[in-house]
Amino acid sequence: MAKKNDTTFFENKLLDFVTAKDPMLEMLQWVMDKFMEIEVAHKTGAEKGIHAQSRTGYRCGYRICRFDTRLGTVYLSVPKIRQGGYIPFFVTEKKRSEQALIQVVQECWLNGVSTRKIEHIAKKLGIESLSASEVSEINSGLDEMVEEFRNRRLEAEYPVIWADALYEKIRDNHRIVGKAVMVIKAVNLEGQQEILAVEPMENESEHTYSALFRRLKERGLEKVWLCVSDAHMGLQAAIRTAMPGTTWQRCKVHFMRNILAYVGQKDKEKVAARLKLIWKAPDEKSARALKDDFCKEYEKSFAKAVACLEEGFEDSVQFYAFEELDSRKISSTNTLERLNREIRRRSSVVGIFPSTDAYIRLITSYLLEYSEDWQTERCYINAGSIKVQKEILFNAA
């Protein structure tokens, strides 16, 4: 007759766990303790307290080790060995629970969850405590990925780039200052969107913009057809000197805001509707005619607005020279403005960043995810149109 397995010990042990405050966590700790005893016995050649010729090592007490798991925080009594030392296999072989925790923290951080809220989330996951410094240490693991993205090799030629600066409050040398971070977005010859640069700048000047474009050239950039931005004088000068042969398009949306600043509030809507017609014209000739009509109608009532339009008009209609490309996408920085709004939505949760590196890490990680999504999405600008436009430009040259 087969001998029935004796499960009395395990049944009694399970009953002990049932009465514990956290049964599953208590059970996990007991299993880990048993794992360590078995592993140390194999490592020393004999069980604890047993004299045997097979023994090759000796214990010398215990050390307390904190171990965070998805079930909660446990404090392990890890056996110490006189020679060679000992680390439990489930700590060194890692730590799927810790890896899961890291992913949760990083995901929360990238989506704008504050450090304090991340601590609360960790507690809900059963982690006893997670300090701000620990959150920062976890997130610093993103640095390698961020630096690789910011320093990657670029293609030699891009049809269009959009440039705009973000301003954030950043702690610098015990002071809170507003710093500019330039984001440059591009569309490549295949029509796919890319982020070319995420660069902090002490100020917006010709010198800093020129340094930015030199850095892009060092990474492989040689030629840009069209650069779309606002009318910052330093940026314009840098494009002329650092990127010869590049056409500059003044963002029509920023330009309209500049013009409307000289229009009274009650007339803004009416004047804005008339201005929009200029840049919606099917060709440059029609746009000029609409501009002339606008100037004639409003030269007396809004003289400064008309003067502003006259002064910047030429730079605002450069997109018409690229007739094969979608004018809605290359006549303004709207595509970058939308992206910047998403960045600000996340950064506003943080409020004041502890350092420039922390801010760059956050927005670059987010933009990296965007770039990965763009690679699988439909072309932003039709690749066939880009090819035709390139042939036109080549023949004209």
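Q: Is Glu372 buried, partly exposed or exposed?
A: Glu372 is partly exposed, at 46% relative accessible area. Buried here means under 20%, exposed over 50%, and partly exposed in between (1.4 Å probe, protein chains only). This is a predicted model, where local features need pLDDT of at least 70, side-chain atom pairs count only at pLDDT 80 or more, and totals for chains, interfaces and linings use all residues. Residues are numbered from 1 along each chain as its sequence is written, and side-chain values use heavy atoms, leaving out hydrogens and water.

Q: Which helix is Glu372 in?
A: Helix 16, residues 356-374. Helices are DSSP runs of H or I with at least four residues, strands are E runs of at least two, and numbering goes from the N terminus.

Q: OK, how many helices and strands does the protein have?
A: There are 17 helices and seven strands.

Q: What share of the residues is buried?
A: Buried residues are 43% of the 397 in the protein.

Q: And what about contacts, how many join residues at least 24 apart?
A: That's 63% of the contacts between residues at least 6 apart in sequence. A contact means heavy atoms within 4.5 Å.

Q: Switching to helix 15: where is Arg344, and is Arg344 buried or partly exposed?
A: Arg344 sits in helix 15, and Arg344 counts as partly exposed at 33% relative accessibility.
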